[in-house]
Amino acid sequence: MTALISNNADIAFMGSESSIYVYNEGKEDYVINFAQLTQRAGNFLIGRTNEEFNWENVRGKTIVGGRPGGMPQMVLEYILKKNNINPYEDVEVITNIDFTATAGSFIGGTGDYTAEFEPSASKIENEGKGYVVASLGVESGMVPYTSYMAEKSYIKANPETIQKFTNAIYKAQIWVDEHTPEEISEVIAPQFKDTEMDLLIKIVQRYKDQDTWRKDPYFEKAGLDLLQNILDSAGELSKEVEYDKIITTEFAEEAIKNIE
């Protein structure tokens, strides 16, 4: 977002909640989401045993979480509250460990559970140090976790660029939907040089199974409503933002209509 609003980038890919914060800060040339990519959180709850899990299991236990106010942590707290478990009262949540160090900290003995993204989740399982017991993406629902966005002025001045970019994203979404985890993993492997192919395939399969990626770039109102509920539950929403203020679907609609 810093790169975008300082004109060091024309288009940015990030958590959709960022556009809400910018709009509520009163920026005149605010940021608009034009193509959604993921529709679920991509992290998982890891336990120390391969248990028959339900959320009551975490009561009285300790979870290694994310940083306060960050989307991973807010989603975790939202799920806990949805299951009638009060964070920091019914369960201890550790929020002062660096994002890159949570998996190592859990393996080293900290906490009863940890919330991890891939590939850390699968690596912990492969090492026999823990087990995926729940998907935070499935538990939280269809959240517009990541999207492409640009400043209002840029979209207005460069509609052809935005359209071509959205078309490209949609073609990629179609390709991912129509290809196997093995085929996808072979294509993306150069971006994940430290991840073995069998592990990469397992990760892609897991994300495909739970519909992590949208099949088109259309940003639905229901997704924004849920996102704002999560922010509000975490005390991070100063004011609800209207859907048509920070979302445009015209480019997604055009892509869907013209690309097969």
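In which helix is the place of Lys221? I looked it up and found Lys221 in helix H11. Helices (H or I, at least four residues) and strands (E, at least two) are DSSP runs, numbered from the N terminus.

Ground rules first. I am working on a predicted model, where local features need pLDDT of at least 70, side-chain atom pairs count only at pLDDT 80 or more, and totals for chains, interfaces and linings use all residues. Residues are numbered from 1 along each chain as its sequence is written, and side-chain values use heavy atoms, with hydrogens and water left out.

**Entry: H11**

Lys221 is partly exposed, with a relative accessible area of 45%. My cut-offs are under 20% for buried, over 50% for exposed, and partly exposed in between (1.4 Å probe, protein chains only). I then took Lys221 and Asp209: 12 residues apart in sequence, 24 Å apart in space, C-alpha to C-alpha.

Gln228 also sits in H11 (residues 221–233). Gln228 is buried, at a relative accessible area of 2%. I set aside neighbours within four places in sequence and found Gln228 in contact with Ile20, Leu237, Lys239, Glu240 and Val241. Contact means heavy atoms within 4.5 Å.

**Entry: H10**

I tested the length of H10. Its 13 residues should span 18 Å at 1.5 Å a residue, and the end C-alpha atoms are 18 Å apart, which agrees. The expected span is 1.5 Å times one less than the number of residues. Buried in H10 are Leu199, Leu200, Ile201, Ile203, Val204, Arg206 and Tyr207. The buried residues of H10 pack against strand E3 (43–47), helix H5 (120–126), strand E7 (131–135) and H9. Just after H10, I noted a positive phi of about 60° at Asp211.

**Entry: E2**

I counted 7 of the 8 residues of E2 as buried. E2 pairs with E8 in the antiparallel sense over 6 bridges; pairing needs at least two DSSP bridges between the strands. Ile32 stands opposite Ala150 in E8.

**Entry: largest pocket**

I read a volume of about 780 Å³ for the largest pocket. Of its 28 lining residues, Leu37, Thr38, Phe192, Tyr207 and Trp213 are the closest to its centre. A pocket is an open set of points on a 1 Å grid over the protein atoms alone, where a 1.4 Å probe fits, with protein on both sides within 12 Å along at least five of seven lines; lining residues have an atom within 4 Å of a point. The volume is the space filled by probe spheres set on the points. H8 gives the most to the lining, with 5 residues.
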